[in-house]
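Subject: Structure handover

Hello,

Here is the structure I promised to pass on. Please open it and keep it beside this email while you read.

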Amino acid sequence: LAELQAVAKEMGMPGFAARQMMEWVYVRRVRSIDEMTNLSLKHREALSQQYEVGISDPVEGIHSKDGTIKYLFKIREGQFVEAVYIPDDNRATLCVSSQVGCKMHCAFCTTGRQGFSAHLTAGEILNQFYAIPESASLTNVVMMGMGEPLDNFDNSIQFLKLVSDENGLNIGLRHISLSTSGVVSGIKRLAEYNLPITLSISLHAPNDEIRNRTMPVNKKWNIDALLSACREYQKVTTRRISFEYALIEGINDSDACAKELVTRLKGIMCHVNLIPANPVKENTFKKPDRKAIIAFQKKLESLGLNATIRRTLGADIDASCGQLKKKTKEEIEGATIC
């Protein structure tokens, strides 16, 4: 609203015009400035010379048998991102992307193996929310799609402000999760905003030796630095932190790993979200069998650490954690439009 108030002032429009524009864009979701009919023709023409509004529809939608839908958006020429709609009883969550590709190069993530192409603007992130047919039913947002949100810090913060604005979508910040691979500088900046979101840390290892092999970001900010930042963040926000832990057979799923993880996280108010590693054709990682996954969870709980096992959704359409990827021109041309 403050930015639109500045626009109204610049254009010589009355002060109340900013709130009118806010309603047209974020509530009525117009696709052109000409549709803002309670603004004068003169002001609409002036706005159209400098600005544009609209919604960019997905170019593809793929449905999973479990109800999950993966949407593909064209951002710029030759650049695409994916967002995932996840229905679950009385909740409907959208997993949004913040970058085209990713710089983090996590070994178990398809997106990270594609390389980085571009940051998304706050509008391009928000468009993923507005453009899907299920938009009106959405109750939750997770910034866990393609890209590292804290590497695109300013646009991510602007998106959080817009998606939660009471004059727009009005999604409560407590219903929003932001996931980071461990960008310590970003966590420290995020603490300054003291937003009541859920911070999710992609930890995936109990020690530096394993994390260095699977997550190159650990070579810049090791586990000690990361957890120190988490403790500082929690002092400011008093919010529980979620640690994501993708279980990889023979890599990080032993009893010793469970014990070390508990020791590492001691003193942090947290929850561990265990994720059976999804198959990625670029590596040979395998998820443990169901018995081993449950045993790891029980071991954590027996040592006093709260842990749950994430349901695997959308695996049949490559929409699960770590499976989102950039599209090639050939894949787009051969896609079945939803």
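How many aromatic pairs does the count come to? The count comes to three aromatic pairs. The rule takes rings of Phe, Tyr and Trp (its six-membered ring) with centres within 6.5 Å; planes under 30 degrees apart count as stacked, over 60 as edge-to-face and the rest as tilted.

Some background before the details. This is a predicted model, so local features need pLDDT of at least 70 and side-chain atom pairs count only at pLDDT 80 or more, while totals for chains, interfaces and linings use all residues. Residues are numbered from 1 along each chain as its sequence is written, and side-chain values use heavy atoms, with hydrogens and water left out.

**Aromatic pairs**

Take F153 and Y193. Their ring centres are 5.9 Å apart and their planes are at 50°, so this pair is tilted. F153 is in helix α5 (residues 153–164) and Y193 in helix α6 (residues 184–193), 40 residues apart. Helices (H or I, at least four residues) and strands (E, at least two) are DSSP runs, numbered from the N terminus. F153 counts as buried, at 5% relative accessibility. Y193 is partly exposed, at 35%. Here buried means under 20% relative accessible area, exposed over 50%, and partly exposed in between (1.4 Å probe, protein chains only).

Next come Y245 and F296. Their centres are 5.4 Å apart with planes at 25°, so this pair is stacked. Y245 lies in strand β10 and F296 in helix α10, so the pair ties together parts 51 residues apart in sequence. Both Y245 and F296 are buried.

**Salt bridges**

The count comes to nine salt bridges. Each is a side-chain nitrogen of Lys or Arg within 4 Å of a carboxyl oxygen of Asp or Glu. One of them joins R76 and E124, at 2.8 Å from N to O. R76 lies in strand β2 (residues 69–76) and E124 in helix α4 (residues 122–131), so parts 48 residues apart in sequence are tied together. R76 is partly exposed, at 31%. E124 counts as buried, at 18%.

Another salt bridge links D224 and R264, with the closest N and O atoms 2.7 Å apart. D224 is in helix α8 (residues 223–237) and R264 in helix α9, 40 residues apart.

**Helix α9**

Which residues of helix α9 (residues 255–264) are buried? They are C257, A258, L261 and V262. On the other side of α9, A256 and T263 are exposed.

Best wishes
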